[in-house]
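Let's walk through this one together, feature by feature. Ask away as we go.

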Number of protein chains: 2
Amino acid sequence: MVNEPDRPTDIAVDAMPPAIILVEPQLADNIGATARAMLNCGLLDLRLINPRDGWPNPDAVAMASGATAVLDRVRVFDDLPGAVADLHRVYATTARHRDMLKHELTPRAAAVEIHRQAATGARSGILFGRERIGLMNDEVSRCEAAIVAPLNPHHTSLNLAQAVLLIAWEWRAAIDETPERVFVQPDTRPATRAELSNFLRRFHDSLEANGFFRTEALRPSMWRKVESLILRAEPTELDVRLLHGVVAALEGRKRPPSRADD
Amino acid sequence: MVNEPDRPTDIAVDAMPPAIILVEPQLADNIGATARAMLNCGLLDLRLINPRDGWPNPDAVAMASGATAVLDRVRVFDDLPGAVADLHRVYATTARHRDMLKHELTPRAAAVEIHRQAATGARSGILFGRERIGLMNDEVSRCEAAIVAPLNPHHTSLNLAQAVLLIAWEWRAAIDETPERVFVQPDTRPATRAELSNFLRRFHDSLEANGFFRTEALRPSMWRKVESLILRAEPTELDVRLLHGVVAALEGRKRPPSRADD
């Protein structure tokens, strides 16, 4: 991939990100928030069909929070066929089941399908309906499939820009390769087993010398619990040095009173 | 589960949904939008630490779009320890890697972990920072782990309520059992193979009688393509009747001109 200094997303054009199509959006705020959510997920192609308050609209810019890479590319269309003419597949998003013959996909399954289609050269568009009433039945019926997010059945209606985020996020997450979990260790590294053993031996001996293990019989199980607690924290090399310092400090603090007590 | 008529979500209390904790939120709009996103995903426990414009706030009600089940339960706290005192695990959300020793999870991995913790009786809370500057380092360091959404690296900053939706959605999706894909067939059923064969035979004969297969050699491959197209559409019983009608209509329309032509 060519390194473009002003590249607004990390998604390659040949990944064929889907177009987001807002059908008769009413609030410019939502268009701006949509642009922001799209750019968060690496999508750039926003199309508007008859936005109620016209376009461009300064209210959208405020809510877009710097997502000018999306706003500057917005295209406005008069009707649905015009808005989707260059696309190969069109999905309708809907909050409820429609009484019509239709494939219904979860957002996660739709994301996978959109990527599979892209791999065969087919570009997708995703329709989002009006804030109050969503998409008309004849708009849904013109789509290959509907995407229905399985939300709280007592409260399925998402804000328009939230709905776009949900779909855009699933699209992005489907190709994301970030490790599920990382342990960030700036300026240090995991402790070696030798470093750990060295500390644990010193810790054990210090506890023993200070009467922590009440009886010899209790010693093995009590020590296993202490050792397990330390190891569960996955100490780094820095942590081990810190722990040596902690033990030294406590030993130092303990000695004077114990001398006085004796 | 007891059937409660006013139950605002479909999530059982014993699923221990996480608490959402907004740290010093600035805009009441975002608190309202957060409440809506939470209820969309079945979460009810919203906690605010020092909301800038006080609480309750009428601006939040407007944006909550009916999510009073969340707004009515909001609790306000003076500090972080108070807000998380009854919880067992606390996650920080952050848009960027912090230069501190910390486990970092994707939202998807965090959702799985929160459910696993809940299964052992441990309830989680998720911290969301201020709109402009997020969480302070000392707030992040008090959490067991950080959740970092792998977004477009050129534009990682999510709107506050969008960030809540993303996490709440992943939490919900992790336990959702909706089939990935369903073919909704209201008032009908899939066609039987006998119904399909019957139609296909009639269609084939009609095409043959009307000279569609230009040569006998071409007939098998042309017919395979037509048959495949019909089957790919997965016709229902109603569709098969519709197709019979389509063929009958075209045969009827074709006959008069062909009679005139002959």
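Q: Where is M16(B) found, and what is its phi?
A: As a rule, most residues other than glycine have a negative phi, and most peptide bonds are trans. Here M16(B) sits in the segment before β1 of chain B, and M16(B) has a positive phi of about 45 degrees although it is not a glycine. Helices and strands here are DSSP runs, numbered from the N terminus (helices: H or I, at least four residues; strands: E, at least two).

Q: Before we go on, how should I treat the model and its numbering?
A: This is a predicted model, where local features need pLDDT of at least 70 and side-chain atom pairs count only at pLDDT 80 or more, while totals for chains, interfaces and linings use all residues. Residues are numbered from 1 along each chain as its sequence is written, chains are lettered from A and ligands numbered from 1 in the order in which they are written, and side-chain values use heavy atoms, with hydrogens and water left out.

Q: Which peptide bond is cis in chain A?
A: Look at the bond from W55(A) to P56(A): it is cis, with omega near 5 degrees. P56(A) lies in the loop between β2 and α2 (58-64) of chain A. In chain B, a cis peptide bond joins W55(B) and P56(B), with omega about 0 degrees, and P56(B) is in the loop between β2 and α2 (58-64) of chain B.

Q: What is the strand order in the sheet that has β3(A) in it?
A: Strands of a sheet pair through backbone hydrogen bonds, either parallel or antiparallel. Two strands count as paired if DSSP finds at least two bridges between them. This open sheet has eight strands in the order β3(A)-β2(A)-β1(A)-β6(A)-β4(A)-β7(A)-β5(A)-β8(B), with mixed pairing. At the edges are β3 (75-77) of chain A and β8 (181-184) of chain B, each pairing on one side only. Neighbouring strands are turned by 30 degrees against each other on average, direction ignored. For angles, axes are lines fitted to C-alpha atoms (for helices over the stretch in contact), and values run from 0 to 180 degrees between N-to-C directions.

Q: How many residues does each chain give to the contact, and what area is buried?
A: The size of an interface is often given as the accessible area lost when the parts come together. Here buried area is the accessible area (1.4 Å probe) that two parts lose on being put together, summed over both. It comes to about 5000 Å² between chain B and chain A, with carbon and sulfur atoms giving 53%. The contact takes 61 residues from chain B and 61 residues from chain A.

Q: How many salt bridges are there between the chains?
A: A salt bridge is a side-chain nitrogen of Lys or Arg within 4 Å of a carboxyl oxygen of Asp or Glu. There are four between chain B and chain A, including E113(A) with R181(B), where the closest N and O atoms are 2.4 Å apart.

Technical notes: Contact = heavy atoms within 4.5 Å.
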